[in-house]
Amino acid sequence: MIDTLIATLVSGLVLGSLYALMASGLSVVWTTLGVFNFSHGALMMVSAFVAWTVSEALGLGLLVGIAAGTLSAALVGIIIERLLVRPFYGDRNMLLITVMTTLAAMIILEKSALIIWGARLKQLPRLIEGEISIFGATISAHEALLVALAPLLLIAIWQFTVRSTVGRSLRAVGQNQESASLIGIDVSKAFAIAFGLSAALAGLTGALLGSIRFITPTMGSEPLVKAMIVVIFGGLGSLGATAGAAYVIGIIEALLILWLGLYWTPFALFLLMIVVLVFRPNGIFGGRE
Amino acid sequence: MTEPVLHTRSVSKSFGGLQAVKDVSFEVREGEIFGIAGPNGSGKSTLFNIMTGIPFGVTSGEVHFDGQRVDRWAPHRIAQAGLCRTFQKDAEYPDLDANETLLVSATYNGGLRGAEATRRANAVLDQVEFDRSRRCVLSRELSVYEKKQLMIASAMVSQPKVLMLDEPASGLTKPEIARLDALLVDLNRAGLTILLIEHVLSLLLSVSQRLMVLNYGEILAQGDPTAVVKEPAVIEAYLGGRRK
């Protein structure tokens with residue numbers, strides 16, 4: 001029983017790490033632009049396919065593949081911002097319009113991937129071979145790498161937003177565009193940086209996930225939905241709350257899979273999300289209004 | 001007479017059929033505190049907006065600052081040239097603390113980096129007497145007076161030639177207004193030219209060397225503050241005709 005529980009918690013930690021990386025990317029875009037990017041999961045998928053093409057089809061190695069995937073996701077993210085988000089800045093229906101345009105981007109990217117890479121399942125080799133035992137529960141070394149990397153990346157993003165000049169400028173733009181532009185911050189550039197950074201994060205997550213799950217055009221949809229539950233649960237405003245919520249949701253999901261099975265878990269998670277929305281509309285860790 | 005550091009020539013601003021500012025010409029001399037008064041909706045803040053280009057510029061007329069015509073300049077260029085302003089807002093960046101707010105301004109508006117930006121930020125916070133123990137508190141959690149201090153400090157960090165303050169005394173208690181009065185006088189004595197929009201007439205009369213009163217977007221009177229407030233048109237429009 002204890003062994004099962006430990007194994008479940010460890011698998012929850014792996015899921016939590018994945019959701020933390022996804023949700024923190026969404027949070028960066030939300031806090032800077034006030035936009036919810038529905039193409040975030042598709043950017044993850046683009047990166048995984050590019051990483052596969054570079055490392056497997058071209059034979060340039062996995063590390064080069066992951067770097068190429070991450071960069072390509074960042075590039076596609078910046079293009080999406082420029083073509084599908086930027087034209088609507090200042091529009092009073094911007095939030096609603098960008099829900100539609102980023103959803104459109106998701107569909108375009110998924111269908112394009114189907115045309116370019118086909119429907120055959122693909123998978124990347126693991127960055128590190130072997131297995132690691134945590135309190136008796138065994139996970140692959142690659143999954144352990146994801147677990148270790150996630151908090152490091154989150155701390156790096158947090159430090160970037162708090163300590164660096166560019167990071168502080170992103171926060172300033174997110175809080176008061178008028179004042180930020182008055183003191184000479186290039187607001188358009190800040191938006192592009194936020195979108196690119198968020199997309200790069202999605203890209204890195206996707207490339208790492210490509211070794212654990214199959215790479216398909218819709219591989220980003222399910223993590224995106226889970227990341228949405230995370231941001232609703234934790235509130236979108238703060239990176240720390242979002243990351244904390246990601247681990248909580250990951251562990252809850254793993255426990256639900258153990259108790260209810262795979263079939264009923266999404267139902268229970270969405271029920272939880274509805275309950276949170278009813279009683280704490282700003283999230284469990286978000287402030288009350 | 002001292003040369004004007006800032007002056008407008010027949011500036012106007014229209015929103016469709018509504019003329020918010022109409023043919024306003026005035027000048028601010030170097031080293032003075034110039035007050036602007038007027039009832040709600042008289043065009044005071046719109047005048048500030050069109051002079052700084054945020055969020056919109058003039059419909060017609062000219063704004064001259066420090067020997068250059070600036071009414072077609074980008075807002076940040078005007079600010080970098082030394083014409084800085086505050087807004088009628090609660091907090092500029094609610095989720096940044098005082099240190100971070102000043103560092104952002106020092107970096108982008110003041111062109112400073114690293115330790116130099118930190119030094120300037122601290123010096124300006126000291127100058128406005130911002131409590132050292134409160135500098136790491138998020139702006140949204142500061143008191144009303146601290147928010148005003150921070151807003152003034154943030155505008156001052158790039159060492160402007162002229163500081164434009166939009167109703168800095170709103171929401172302050174009497175003792176806080178007295179503190180603000182002393183602070184503005186100190187800043188002015190240190191060489192800062194101040195353009196002050198204010199509803200609190202006692203503060204305006206206490207600190208301003210000259211005063212302009214607007215009504216319906218037009219200049220009603222300008223000149224010596226004590227003389228201006230005695231003009232019948234001002235008493236009628238601004239003070240509701242109760243003053244004798």
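I began with the second largest cavity, whose lining has four nonpolar, two polar and four charged residues. For these classes I count Ala, Val, Leu, Ile, Met, Phe, Trp, Tyr, Cys and Pro as nonpolar, Asp, Glu, Lys and Arg as charged, and the others, Gly among them, as polar. This is a predicted model, in which local features need pLDDT of at least 70 and side-chain atom pairs count only at pLDDT 80 or more, while totals for chains, interfaces and linings use all residues. Residues are numbered from 1 along each chain as its sequence is written, chains are lettered from A and ligands numbered from 1 in the order in which they are written, and side-chain values use heavy atoms, with hydrogens and water left out.

I then noted about 60 Å³ of space in the second largest cavity. Among its lining residues I found B:Phe87, B:Lys89, B:Lys148, B:Met151 and B:Asp166. With three residues, α5(B) gives the most to this lining.

My terms: on a 1 Å grid over the protein atoms alone, a cavity is a set of points where a 1.4 Å probe fits but cannot get out, a pocket is an open set with protein on both sides within 12 Å along at least five of seven lines, and lining residues have an atom within 4 Å of a point. Points are joined across faces, edges and corners, and a volume is the space filled by probe spheres set on them. Helices (H or I, at least four residues) and strands (E, at least two) are DSSP runs, numbered from the N terminus.

How many cavities of 30 Å³ or more does a search of the whole structure find? I got three. The largest holds about 80 Å³ of space, and its lining includes A:Leu182 and A:Ile183 together with B:Cys84, B:Arg85 and B:Met151. Here too α5(B) supplies the largest share, three residues. By class, I listed six nonpolar, three polar and two charged residues.

Next came the second largest pocket, with a volume of about 200 Å³. Of its 14 lining residues, A:Ser11, A:Val14, A:Leu15, A:Glu143 and A:Ile212 lie nearest the centre. I saw that α1(A) gives the most, six residues, and that the lining has 10 nonpolar, two polar and two charged residues.
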